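Trainee: I have a model open and I'd like to learn how to read its side-chain packing. Can we go through it together?

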Amino acid sequence: MTCAATLDVPNPSQAKLGGDLLPLALGALGVVYGDIGTSPLYALRESFHHGLGLEPTTGNVLGVLSLVLWSLVLVVCLKYLAFVVRADHHGEGGILALTAIVRESPAREAAGFGFLMVLGLFGTALLFGDGMITPAISVLSAVEGLAVATPFFEPWILPITVGILAGLFAAQSHGTEKVGRVFGPIMVVWFLALGGLGVVQIVQEPRVLTCLSPWHALEFFGRNGWTGFLVLGSVFLVVTGGEALYADMGHFGVRPIRLAWFTFVFPALMLNYLGQGALMMRQPDAIENPFFRMVPAWGLLPMVLLATAATVIASQALISGVFSLTMQAVQFGFLPRLKVQHTSDLQIGQIYVPFVNWSLMLACIGLVAGFGSSSNLAAAYGVAVTATMLITTLLFFYLARYAWGWSVVRAGFLCGLFLGIEAGFLGGNLLKIAHGGWFPLVVGMAFYLVMSTWRRGRAALARSLAELAIPWEGFLEGLKSKPPTRVAGTAIYLSGNPRNVPVALLSNLRHNHIVHQRVIVVKVETADRPSVPVSERVSVKKKDVWLFEVHLRFGYKQGHDVPAALKGLVLPDGPIRLQECTYFLGRETVVPGRAGGSGMAWWRERLFAVLSRNARNATYFFGLPPGRVFEVGNQLQL
């Protein structure tokens, strides 16, 4: 999943061993590895779920363990950490960033490029569905450990889970900076506990180490046939956090993420999965909850508390990731403007999106109440993540082949290996659709329709505005032949196309018959990179002695604060005094036209009209002072 929880850490690009590298690696433990680090709570248990009909015999346990360990090696170690993280977009990772890289590369000329871009957008949409399920299944699986400690807590599992989730989402508006400082240390304790529990069991049943041979995985399929294939849907749960490794690359850098994985996370996960397997080989009935059955009776309650803390951390990272993904989608023009609050003066990535936050909370609580247990939720989990991973592989193939110049054989062999593994996982997960797997797919499809409709609607709206546009040359000539009344002050017009006269300026002149002594036309652009330095943010073009065009460029992870960018700017005729400026905005009311007139289906036109009416006001989106804003309305038919 795309994550954006950031810690107050040094610049990842300058990380050095013994200096910044270790603090960054510690921070990565609390953000990058929260999701994959809590998978031992439920992943192995679900592989032997009653509905699959797989008996926990020694051969089956060794076969499943072999699948688990080699999945971690091939998907996480090889695919993501060895290859995919090389595809960074100005230091940022994630499927949306990868889609932007491919869009800018020579792959634009390759066959199937248009469909690939659709897949990239759909993969991004699927992550919203993942953002709803992950907090629910993670927290619920941890709280279920209370029932292992004592049956007294059985009736209270769901209320406790709902309470934790409600508190987690209620705290989002305060930001994660302070809490984030303790994420890493808590996860250190968590991973040490994972490894320690595993070692105790392995010592008692060393035969479990033979699962390191991939031969056990092959024998498992030969022995179980179709059931073995079904188990892949549950085995996949051990690698569901793989996308987070790539998505959080920009916050910590590749080296700290790799260091944390290979020296700490991967060994701890391997030891814990081996320990659970060793316990099941000795006590087959432990399959009901092998993770908590490894814990001695005196340590159950502390372990439940630690597991709950770990799952809250994993959920926090994912929630923040959905906030970041939403902001990037808005900046790229795939979603309407939403209210975004920055919760830190130091970290751009620490944001809070109220609408998304409360929507996620209601979805998570609804999932917990509707599914009732982590086992039932596991039946819905994995479909969206698997599809996203497969799309990432396809995008990586195009990038390696057409941008990096890899041969067809080299790119095809590597990506073919990954596609083969992920296709097996996807096939196993598709069978979950009837048991809840439809939920993330429906959510993903809904977000895809919204994003694609907004994108196409904005393009249709731009064409409608273009029909009303007047080029500057003719407009300026008209002013010279028939000068209007000039009023004191500076008028700032925000315009998406500064080559033409802003519609708001035309309306102001038509109805009020005035033009300000100084007019500044501002175009705000979102660059295809996470941040734009101040030195590159502003460019100025003089059109007339009283008319200037200012081009502001922001990164897709930066806020669009127009007054802050203009503050201190000196134009050829003098500095801008913001206290003397009036901002003019065009506010278009979209009216659906005749079906097909805009090139969109009638239902898309109506959806776009609804989205447009509910988009956040441009005044707040661009940080304009409300008392100095003048809006000019226009009704446009698509």
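Trainee: Let's start with Trp-406: is it buried or exposed?

Mentor: Read the relative accessibility against a cut-off: buried means under 20%. Trp-406 comes out at 7%, so it counts as buried. Bear in mind that this is a predicted model.

Trainee: How do the rings of Trp-404 and Trp-406 sit relative to each other, as an aromatic pair?

Mentor: Look at two things, the distance between centres and the angle between planes. Here the centres are 5.9 Å apart and the planes make 55 degrees, which is a tilted pair. Both tryptophans also belong to one aromatic cluster, together with Phe-83 and Phe-396.

Trainee: How many aromatic pairs are there by this rule?

Mentor: The count is 23. Take the one formed by Phe-291 and Phe-292: 5.1 Å between ring centres and 90 degrees between planes, so it is edge-to-face.

Trainee: Which rings have an arginine over the face?

Mentor: For this you check where the charged end sits relative to the ring. Arg-337 lies over Phe-621, 5.8 Å from the ring centre. Arg-401 does likewise over Tyr-402, at 5.6 Å.

Trainee: Now the core. Why would nonpolar side chains group together?

Mentor: In soluble globular proteins, they tend to be buried together. In this model, the largest nonpolar core has 181 residues, and Tyr-33, Val-102, Trp-190, Phe-191 and Trp-261 have the most contacts inside it. Apart from that core lies another, of 18 residues, including Ala-491, Val-515, Val-519 and Phe-584.

Trainee: What does Tyr-33 touch, beyond residues up to four places away in sequence?

Mentor: Its partners are Ala-28, Met-187, Phe-191, Leu-245, Ile-257, Ala-260, Trp-261 and Val-265. Phe-191 and Trp-261 are also on that list of residues with the most contacts inside the core.

Methods
Residues numbered from 1 in each chain as written. Predicted model: local features only at pLDDT ≥ 70, side-chain atom pairs only at ≥ 80, totals over all residues. Heavy atoms only, no water. Core = buried A, V, L, I, M, F, W, Y, C linked by side-chain atoms within 4.5 Å. Buried < 20%, exposed > 50% of the residue type's maximum accessible area, 1.4 Å probe, protein only. Contact = heavy atoms within 4.5 Å. Phe/Tyr/Trp six-rings, centres within 6.5 Å; stacked < 30°, edge-to-face > 60°. Lys NZ or Arg CZ within 6 Å of the ring centre and 35° of its normal.
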